[in-house]
Amino acid sequence: AFGAAAVPQAPEDPLFGLMAAYRRDTDARKVDLGIGAYRDNNAKPWILPVVKRADDILRNDPDLNHEYLPIAGLAEFTTASQKLVLGGNSPAIQEKRVTSLQTISGTGAVHLGALFLAKFYNKGSDRLAYFSDPTWANHFQIFSNVGLPYKTYPYFSHKTKGLDFDGMVSTIQDAPEGSIILLHACAHNPTGVDPTQDQWKKIAEVIRAKKHFPFFDTAYQGFASGDLARDGWAIRYFIEQGFELCIAQSYAKNFGLYGERAGCFHFVTSPSSDAESTVKRVASQLAILQRSEISNPPAYGARIASTVLNDPKLFAEWEANLREMSGRIKEMRTALRSKLEELGTPGTWNHITDQIGMFSFTGLTEQQVLKIREDAHVYMTKNGRISMAGLNTNNVEYFAKAVDKVVR
Ligand code: PLP
């Protein structure tokens, strides 16, 4: 018999646990800086106006039905996703060196990539993946679920609250040849710290020298800076350099399609005379993995994104929506930093505006985080990460004062 009685209790997911604690809190001043989902200035979820428009178009389409999508997903969506992430004129697309499958948002894309690598990458030798320290916590679970061992490379400097570039590069340099190097394309989660373009060039150099395999996770394109090309720069640079690599792409944040689970996995091979046939074989194996896991991906979110991505007018409107979200977040960074500086809060606060994207690593200790939760009803993860989107003109001063109090 199956000894279900022997199954141990697993720990609660820390982030979803934090969300539940926030919901239970009845204090009117409470502030949610936990989960990474965009909020408007009234702390409410924001449906992008362009998403509403696409939704209306779809709902009025008499030909819309609920049939299955193909195994690889909606073709108009995956093709548009390639252009978005690689750039419209990408040599990889022109040379048919890319294969793409629609996935269960970014998580599903990371999983499909990890599963594919576990099955086919450097079979027969020791494999090792490297994640930034810290990283999105799910990377650890996803890679261990597929049986790929991992280590970390230094990333965040607690001293400067910026990038530990030397530590990062030297660890990647010392990693066993052919390691899988997981990289956040932009708006690093949880730190908000990204390499500069010059630093990316050096990272690419080291990865090439050690024949490592880059695995990009891109969950914030356009959401970080408001500029799709700028946020996509690192990936496009690596492609230009001819790397074989893969990309996990999420539309959760940049379209606000969190619960619709729209994402894409891309595998790009290096330029060579048999690149096209390599990619075909890779695609055939990915299709089998996808079929056995989800059969075919969910349709609605991909239809929304595809409607926008394939219509120049809607696309331009989307870009404006992206600038609105990233602009509000940048304003909150400026406001928080200047409030803290006005209060003369001990420490330096330039990292708040130097960091980018949904999150900021404040530098608050776990003890301070718990104290702020208890005293001020502000909810953030124990590592001192705040979701910038939870701040608004009504609570930023309240939060700054709570920080000021706890660090004194
Ligand atoms: N990767 C990173 C770095 C993320 O921050 C996230 C979301 O928080 C994801 C992937 C995937 O999210 P989703 O599965 O909702 O697209």
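Helices, counted as DSSP runs of H or I with at least four residues, and strands, counted as DSSP runs of E with at least two, are numbered from the N terminus. By that assignment, residues 315-342 are 100% helix and 0% strand, and the end C-alpha atoms of this stretch lie 40 Å apart. The model is a predicted one.

**Annotated regions**

An unreviewed UniProt entry lists residues 315-342 as "coiled-coil region". For "domain: Aminotransferase class I/classII large", the unreviewed UniProt entry gives residues 29-402. Over residues 29-402 the chain is 45% helix and 15% strand, with the end C-alpha atoms 11 Å apart.

An open sheet is formed by 7 strands in the order 2-10-9-8-7-3-4, with mixed pairing. Its edges are strand 2 (98-104) and strand 4 (150-154), each of which pairs on one side only. From one strand to the next, the twist averages 25°.

| Strand pair | Sense | Bridges |
|---|---|---|
| Strand 8 (residues 213-218) and strand 9 | parallel | 4 bridges |
| Strand 9 and strand 10 (residues 262-268) | antiparallel | 6 bridges |
| Strand 2 and strand 10 | antiparallel | 7 bridges |

Threonine 218 has glutamine 249 of strand 9 as its bridge partner. Serine 250 is bridged to glycine 263 in strand 10, and glutamine 102 stands opposite cysteine 264 of strand 10.

Strand 9 (residues 245-250) is mostly covered, with 6 of its 6 residues buried. In a regular strand, side chains alternate between the two faces of the sheet. Here Leu245, Ile247 and Gln249 point one way, while Cys246, Ala248 and Ser250 point the other way, and all are buried.

Helix 5 lies across strand 2, strand 7 (180-184), strand 8, strand 9 and strand 10, and runs at about 160° to strand 9.

**The ligand shell**

The ligand is surrounded by 13 residues, and the closest are Ser105, Gly106, Thr107, Asn189 and Ser250. Helix 5 (residues 105-120) supplies the largest share of the shell, 3 residues. By class, the shell divides into 4 nonpolar, 8 polar and 1 charged residues.

Helix 12 (residues 300-309) is largely enclosed by the rest of the structure, because 9 of its 10 residues are buried. Those buried residues are Gly301, Ala302, Arg303, Ile304, Ala305, Ser306, Thr307, Val308 and Leu309. They pack against helix 2 (49-59), helix 3 (75-86), strand 2, strand 10 and helix 13 (312-343).

Threonine 78 belongs to helix 3. A residue counts as buried if 20 or more other C-beta atoms lie within 10 Å of its own; threonine 78 has 24 other C-beta atoms within 10 Å, so threonine 78 is buried. Which residues does threonine 78 contact, leaving aside its neighbours within four places in sequence? They are Ala72, Gly73, Ser100, Leu101, Gln102 and Cys264. Gln102 and Cys264 also stand opposite each other in the sheet. Between threonine 78 and serine 100 there are 22 residues of separation in sequence, and their C-alpha atoms are 6.0 Å apart in space.

Key
Residues numbered from 1 in each chain as written. Predicted model: local features only at pLDDT ≥ 70, side-chain atom pairs only at ≥ 80, totals over all residues. UniProt positions renumbered as here; feature names shortened; annotations may be inferred. Buried ≥ 20, exposed ≤ 12 C-beta atoms within 10 Å, placed from the backbone. Pairing = 2+ DSSP bridges. Near = placed C-beta within 6 Å. Nonpolar A, V, L, I, M, F, W, Y, C, P; charged D, E, K, R; others polar. Axes fitted to C-alpha atoms, helices over the stretch in contact; angles between N-to-C directions. Contact = placed C-beta atoms within 7 Å.
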